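Okay, everyone, thanks for coming. Let me put the structure up, and then I'll walk you through a few spots in it.

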Amino acid sequence: MIDIKHHGATSGVTGSCHELTLTKGLTKGSDPSGSDPNLLAASCAGILIDCGLFQGKDTGHGASAADLAIDFPIEHIRALVVTHVHIDHVGRIPYLLAAGFDGPIFCSEPSALMLPEILEDALKIGFTRDRRLIERVLGLIRSRLVPVPYGQWREVFDEGGCSLSVRLQPAGHILGSAYVECEADAHGIFERIVFSGDLGAPHAPLLPAPVSPERADRLVIESTYGDKDHEDRETRRYRLKAVLEHALADGGTVLIPAFSIGRTQDLLYEIEGLIAEFGGDAVGKVASDKMGSDPKGSDPSIALKWSDLDPEGSDPSPIDLWRDVEIVVDSPLAAEFTRIYRNLKPFWDAEATERVAQGRHPLSFEQLTVINSHEDHLNAVDYLVRSHRPCVVLAGSGMCAGGRVVNYLKAMLGDPRNDVLFVGYQAAGTPGRDILRHGPRGGWVEFDGKRYDIRARVHQVGGYSAHAGQSDLIRFITSIPGKPSEIRIVHGDNDAKEAFRECLIDLGYSAVLIPSE
C-alpha cells in the first residue's frame, strides 16, 4: 500500500509537512494496543516532504506556533526531502532531529547552501541563544544534507519489497525551490506521486518558470492563491513604480516587509530595472563607498554607516527620484542570501543573465545600502524618523511577526508621511494581516503588548507574490500528460482551497480532495 498523510496546517499556508509511506508487508510485531506480541503487523518505510514552522493562527492536529513538537510517529521515516528553504517549510527540522530523526536530508544544490543559514536564524530566535548548541545543531544538519541536482533520480530506500526514488524539478518559487517526483513501488504496485511544494509564477524575476511533470498518478498541490490571479508583470511593475513615486514625493519612508529569501531579491531586481529605465545611467556604476571596497559590490558586509549621515536630518535639495533615492536592505540574513543569489547565477533565467552580460548588477547597484549591525539598524530608524529624505526600506519578517521591520513599524506607523507596501501573502493572526486589514480604516496594530495607531498609508501590490496564481496552478495541472487519478489540495486558506477545487471539478477532474489531516 502507498499512503499519503499530511502533518501541516489543516487550514492556512504554514507548517508544511507531508508523509509518503509504503507498506512493506507483514512482519512479527505487536498490535496497536501492544497487548499481543504474537500478532502480525504491517511494517512500513516512508519519507517526509518538508517540516515547516507554524505561524499566526495556523495549526496542525497537535502542533501550532506555540507548540512545535513533532506530534506524529517518525520511526519509519527514512529521509526528509526539502522543497525549499522558507521557514514555513523547514523551520521544524531542529525539532525533528530532537525527536530522533537520523536520516538524510535531500534538497537541491542551492538549497543545501542556504538551509543552514536560515535555520541558524530560526534557532537564534525560537530555540536557543547558546552559540555552542547552535553550532552543534547546524553541524548535525550539514552532515545530513544530500544535495541533489535537478532532473536526476535518487534512490531513498529499497527494502522488504518496497522501493522509493525521488527527483527534484525547478519550481520557480525561490532560488533552489523544487517540486518532488516520487517513484514508488510497493510489492509490484507502481505509482508516480508529485508534491508541488510552492510553485512560482511565470515571468517572475530571476528564475525560470516551472515546467509540469511528465507524469503524476497522484498530485499534492499548493493553493495559496487558488482563488485568484496575479497582475501581469508589466502591470505590477508600473504599479510598483507609481506607488513608490507617490509615496516618496513627500519625503517619507516606504517600508516593505519582505522575506529574506526570494522576495527581497525579486524586489531588488525589479527596482534596479526601474532605476535603469527612469534614472538615466544611475545604475551604470556599482556600489562602492556604500557597499565596501569590492569594485563589483559583491561584499555587502561593509555598509553605509547611518551615523555618518547629517545628524540634523536636514532637508535635501530637490532630487531626481530614481537617480538618488536610497534603497535599504536592513537584514543581515537578507544580505547573506542576496550574496548567495549573486554567486548562483547559473540558476538565473535568461533575462537576468542578459542584464549581467550588459554590465548591469541587478542585486548590487549604486543606490543600494545594506545594514548589518544592530547599532546601524537603530541609527537608521532614528535618522529616517527625523529626516525628510525619501527612502525605501526592505526588512524582515515578511508578515511583520518579528525581525527588524517591527522597529521601523513601531517608529513610523503613526506618521502619515510614511507608507507600508505589502507585496506578499499575510497569514491570518499575523501583524501584517492586521495592518493590511485595519490600516486603511485608521485602525491599530499590536506589537509586544502595545497598540500602535496606523496613520501611514498602506498599499498592496499582489503581483509580486512568489506563489503561482490560480491560472498558473491550473496550467501546471492541465499540462501533465494524462490526468492524475487523485489531486490533493493543501497549503491554502479554506476559501482558496474550495475555489480551486471547484475550478478543477469544472475542468473534469473527479477525485479532488481537501485533506483534513
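Let's start with threonine 264: is it buried or exposed? Its relative accessible area is 2%, and the cut-off for buried is under 20%, so threonine 264 is buried. Bear in mind that this is a predicted model. You'll find threonine 264 in helix α6, which covers residues 263-278. And who is it in contact with, once we leave aside neighbours within four places in sequence? That would be Ala258, Phe259, Val329, Ala334, Thr338 and Leu394. Here's another one to look for: glycine 396 is 132 residues away from threonine 264 in sequence, yet the two C-alpha atoms are 9.0 Å apart in space.

Now compare that with a loop residue. Histidine 76 sits in the loop between β3 (40-49) and β4 (77-81). With a relative accessible area of 14%, histidine 76 also counts as buried. Skipping the neighbours within four places in sequence, histidine 76 has contacts with Glu19, Thr21, Cys44, Ala45 and Gly46.

Okay, on to the sheet. Quick reminder: strands in a sheet pair through backbone hydrogen bonds, and they can do that parallel or antiparallel. Ours is an open sheet of seven strands, in the order β7-β8-β9-β10-β11-β20-β21, and the pairing is mixed. Which strands stand at the edges? They're β7 and β21 (512-513); each has a single partner strand, so one side of each has no neighbour in the sheet.

Let's look at both ends. At the β7 end, β7 (residues 153-159) pairs with β8 (residues 162-170) in the antiparallel sense, over six bridges. For example, arginine 154 has valine 166 in β8 as its bridge partner. The two strands make a hairpin with two residues between them, and glycine 160 in the turn has a positive phi of about 60°.

At the other end, β20 (residues 486-490) and β21 are parallel, with two bridges. Helix α14 lies across β11, β20 and β21, at about 160° to β20.

Last stop: the second largest pocket, with about 320 Å³ of space. It's lined by 15 residues, and the closest to its centre are Tyr225, Lys228, Tyr425, Arg433 and Gln460. What's the lining made of? Four nonpolar, five polar and six charged residues.

How values were computed:
Residues numbered from 1 in each chain as written. Predicted model: local features only at pLDDT ≥ 70, side-chain atom pairs only at ≥ 80, totals over all residues. Heavy atoms only, no water. 1 Å grid on protein atoms, 1.4 Å probe; cavity = no way out; pocket = protein on both sides within 12 Å on 5 of 7 lines; lining within 4 Å. Points joined across faces, edges and corners; volume = space filled by probe spheres on them. Nonpolar A, V, L, I, M, F, W, Y, C, P; charged D, E, K, R; others polar. Helix = DSSP H or I, 4+ residues; strand = E, 2+ residues; numbered from the N terminus. Buried < 20%, exposed > 50% of the residue type's maximum accessible area, 1.4 Å probe, protein only. Contact = heavy atoms within 4.5 Å. Pairing = 2+ DSSP bridges. Axes fitted to C-alpha atoms, helices over the stretch in contact; angles between N-to-C directions.
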